[in-house]
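Have the structure open while you read.

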Amino acid sequence: MTAPLTSLSHGAGCGCKLSAADLRPIVASLPRSADPRVLVAADTADDAGVVQLTPDLAIVQTADFFTPIVDDPYAFGRIAATNALSDIYAMGGRPLSALNLVAYPLETLGPDVLREILRGGGDAVAAAGAAVVGGHSIDDPEPKYGMAVTGVVAPDAVLTNAGGRAGDALVLTKPLGAGAVATAIKRGLADPELVERAIAVMTTLNDVAADQARAAGAHALTDVTGFGLLGHVHELAAASGVAAEIDATAVPAIDGVMELLETDAALAGGSRRNRADAETFSTFADGVPEARRRLVCDAMTSGGLLAAVAPERAGEIDGAVVGRLVAGEPGTIVVG
C-alpha cells in the first residue's frame, strides 16, 4: 500500500509557493522585454503573459504546478489542472492546449497513481474545451503536478489586474479555505465531507465566472490562489493605482473552514507567510476576529475570480461582494 500523497509533500497545493514578499524583489530585478508584441508580462504580477500574434489574435501563456493537496490522485490531477486553466480565464482568454508538468517518484508510488493524476488533469482540460498535447516529467521524491497552458484572446479583449477604478466593487466567485483544509488533511483533522466540499470548489472551472465578469464590464480581473485574498487584492490595487477596503464578514468560506480557523491547528505555512506579508500593506480593524484574519490570508488553491466592477453591475456576477476599490495609496488595504 502506497503512502498518502499529502504525506510526501512539505506543503500542499498553492501553499507551497514561494512567498510574494520573497519573490517581489527577485522578479523586479529581472530585465523586461521590449518586444512590442508583449501585451502583458510580469510587471504588474498578473496571472499570465499575453503576446499579440496578429491584429485580431493574441496568445495567453501560463504555467502552474504544486505538491499534492488531497490524497486522491484523480482529484489532485483535476485540481491542479483546474488551477492552471484559471490563469487563462483570469486574462479573459479561452484555453486551447496544455502540457503536463510532472515530478514524480515512480519507484515509490508506481505507475497507477500517476496514471490517475494525469487522467484527472486530462478530464479537467477536456471540460474546458482544450486538449492535452504532451508534457514533461522528472524523477522526484516529492510528487508535483501541474500544467503549462496556452489560450487565445482578442488583443482588445484582454482583462488584466491593472484596470480597477476607485468605487469599483470587488466580487469573489468562490469561497476560501482550501489551505486550511489541506493542512487539516495532513494533520488528521479533516472529515471526509469537508474534503469533498473543498474538492468540489477546487475542481470548478472559472469559465462561467469569466464570462459573467466580461459581460458585466469588469474593469480588472484576477484569480485568488496561493497568496491569499489580501495578497491578490494588493496586486490588483497596486497595478490599478488605487487602495482597497475589504469587509471580512462578507468573505465566503468553504462550509466547515471557519471552525478550523478558530485555532491555528490547521493554519497552513503558506497562510502564515501571507499574513506576515499582508501586515506590511494592510490595516485590520480591531473588531475583525482572528479566524476572519486567517481566512483572508488563506493560501487558496484553485480559487475563484476576483473582479473589479462598477457597483451597480456587481450582481451580474455569481459571487460575494467582499469589498471595494477606493482612492488612496496604491496597494494598501483596510480590512474591517
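1. First, the ground rules. This is a predicted model, so to speak: local features need pLDDT of at least 70, side-chain atom pairs count only at pLDDT 80 or more, and totals for chains, interfaces and linings use all residues. Residues are numbered from 1 along each chain as its sequence is written, and side-chain values use heavy atoms, with hydrogens and water left out.

2. On to the aromatics. Rings of Phe, Tyr and Trp (its six-membered ring) pair if their centres lie within 6.5 Å; planes under 30 degrees apart are stacked, over 60 edge-to-face, and the rest tilted. That rule gives 2 aromatic pairs. Phe66 and Phe76 have ring centres 6.2 Å apart and planes at 45 degrees, so they make a tilted pair. Phe66 sits in strand β3 and Phe76 in helix α2, so this pair ties together parts 10 residues apart in sequence. (Helices, H or I with at least four residues, and strands, E with at least two, are DSSP runs numbered from the N terminus.)

3. Phe76 is buried at 0% relative accessibility; buried means under 20% relative accessible area, exposed over 50%, and partly exposed in between, with a 1.4 Å probe and protein chains only. Phe76 also pairs with Tyr145: the centres are 6.3 Å apart and the planes at 75 degrees, so this one is edge-to-face. Here the link runs from helix α2 to strand β6 (residues 144-153), 69 residues apart. Phe66 and Tyr145 are buried too, each with a relative accessible area of 1%.

4. How many salt bridges does a search of the whole structure find? It turns up 12, taking a side-chain nitrogen of Lys or Arg within 4 Å of a carboxyl oxygen of Asp or Glu. Among them is Asp35 with Arg37, whose closest N and O atoms are 2.6 Å apart; Asp35 is partly exposed at 26%. Glu142 and Lys144 meet at 3.1 Å, N to O, and both are buried.

5. Arg275 is buried at 17%, while Glu279 is partly exposed at 46%.

6. Last, Asp72 lies in the loop between β3 (57-66) and α2 (73-90) and is partly exposed, at 40% relative accessible area.
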